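Reader: Could you walk me through how to read the contacts in a model like this one, taking one feature at a time?

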Amino acid sequence: MKLHEYQAKELFSAYGVPVPRGKLITNPWQAYDAAVEIGGERLVVKAQIHAGGRGKAGGVKLAHGAEEAAKLAEEMFGRVLVTPQTGPAGKKVGKILLTEAVDIEKEYYLAILVDRTAKKPAIMASAEGGVEIEQVAARSPEKIILEHGSFTGDLPPFTARKIAYGLGFTGKQAGACTKMIQNLYRLFFEKDCSLVEVNPLVLTKQGDLLAVDAKAAIDDNALARHPELRGLRDFDEEEPLEILARRYGVDYVKLDGRIGCMVNGAGLAMATMDLIKLNGGEPANFLDIKGGANKQNVINAFKLLTADERVEAVLINIFGGIVRCDMVASGILEAMKEIAVKAPIVVRIEGTNAAEGRRILKEADYPFIVADSLADAARKVVAALPGGKR
Ligand code: ADP
Ligand code: MG
């Protein structure tokens, strides 16, 4: 679950990490009063969308005085921002954070994330902040500091200090930076985050350290033990089909292609997507109905898949280990009683009761394309796309 900047900043504050003063507004009429309340000569108007790179896309604007801040906020509401992280469709602005502008001396980068290779939380920092960190990593990897944390929830002071000194801080600022890193680490750990990112972490002309931007994501699997965080989910920012998938209990990720996939097992689902690409196609989704799926799961998953209007061909790839192939086949037919499917459907089923499953599909009214191997299925589904590959 991704958080908005304003939500992440509230968490930061609760953990003693300093952030600029700000106020969230959810409609244009609140803008002027909020700007007056924040006060100051310079304010920053910031679109709250679940994507970074807002600055370059016109989603972060500097205003002189409350009048201009209100005007900029009014213009920003309802705009669609396209950033490198939103995808081509962009995101519509429905919430805006008005915040005081700080006098920037220098921008830094700081993040805590999960290093899957090291199987540990990692703290990543760089004195080259404000810009996209991927570029720094590609251009000058020596400018990135990487340290690992432990699973105790507390980062040893010497690790945090090493990073602070590595960023070039000394004296009082090194102390402030050390404390900030430790506090963010505690937040990361206690709230079961998959990511906490501060870009930029700002050193002001007055010599203070502030988190000027804030990003955080909570591990969905840990939400059960964080009732206090559940209300932070912004459904407007999420893919409707992914919301539905959560309710159905299937793992689903929407992608950009035209071939809808229904597979059991995450590994098989990834192999299926690879083979589709190998044959020149693009999957429309990742969908894992999981090993122990029952008939209702199959029906729900099939509905989910075909509810995506971009899906022009379907590939069903089931290996019947725990699930029975005949149950999957009759689940598909039952779902098709309720929904009118026009897309060609390629089916590859193997394993327990596979012959029975294939018989059910062959005898059905619908012209299923039955494949006899995974490679054959991938080839057939790409060939079945109306208008050819894309
Ligand atoms: P994004 O990462 O989505 O582009 P940021 O919040 O990082 O959005 O803002 C982009 C840039 O705008 C920052 O790197 C910083 O230079 C400037 N900026 C953002 N907020 C403030 C602020 N409160 N005061 C001064 N400058 C700011
Ligand atoms: Mg940023």
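Author: An oxygen atom of ligand 1 lies 3.0 Å from an N or O atom in the side chain of Asp213, which falls under polar contact, a pair of N or O atoms within 3.5 Å, where within protein one must be able to donate a hydrogen and the other to accept it, and residues adjacent in sequence count only if both atoms are side-chain atoms. This is a predicted model, in which local features need pLDDT of at least 70 and side-chain atom pairs count only at pLDDT 80 or more, while totals for chains, interfaces and linings use all residues. Residues are numbered from 1 along each chain as its sequence is written, chains are lettered from A and ligands numbered from 1 in the order in which they are written, and side-chain values use heavy atoms, with hydrogens and water left out.

Reader: Which backbone atoms lie at such distances from ligand 1?

Author: A backbone N or O atom of Gly55 is 2.8 Å from an oxygen atom of the ligand, and a polar backbone atom of Val102 is 3.0 Å from a nitrogen atom of ligand 1. Altogether 16 residues surround ligand 1, the closest being Lys46, Arg54, Gly55, Val102 and Glu107, where a residue counts as near if one of its heavy atoms lies within 4 Å of the molecule or strand in question.

Reader: How should I read a salt bridge, and how many are there by this rule?

Author: Side chains of opposite charge can pair when their charged atoms come close. The rule asks for a side-chain nitrogen of Lys or Arg within 4 Å of a carboxyl oxygen of Asp or Glu, and by it the count comes to 33 salt bridges. One of them joins Asp103 and Arg42, at 3.0 Å from N to O. Asp103 lies in the loop between strand 6 (96-100) and strand 7 (104-115) and Arg42 in strand 2 (residues 42-47), so the pair ties together parts that are 61 residues apart in sequence; strands (E, at least two residues) and helices (H or I, at least four) are DSSP runs, numbered from the N terminus.

Reader: How many salt bridges are there between domain 1 and domain 2?

Author: There are seven, with domain bounds coming from an automatic or database domain assignment. Arg54 forms a salt bridge with Glu5, whose closest N and O atoms are 2.8 Å apart.

Reader: What area do domain 1 and domain 2 bury between them?

Author: The size of an interface is often given as the accessible area lost when the parts come together. Here the two domains bury about 1,300 Å², 37% of it on carbon and sulfur atoms, as accessible area (1.4 Å probe) summed over both parts. In domain 1, Glu5, Tyr6 and Glu237 lose the most area to domain 2, together 41% of what that side buries.
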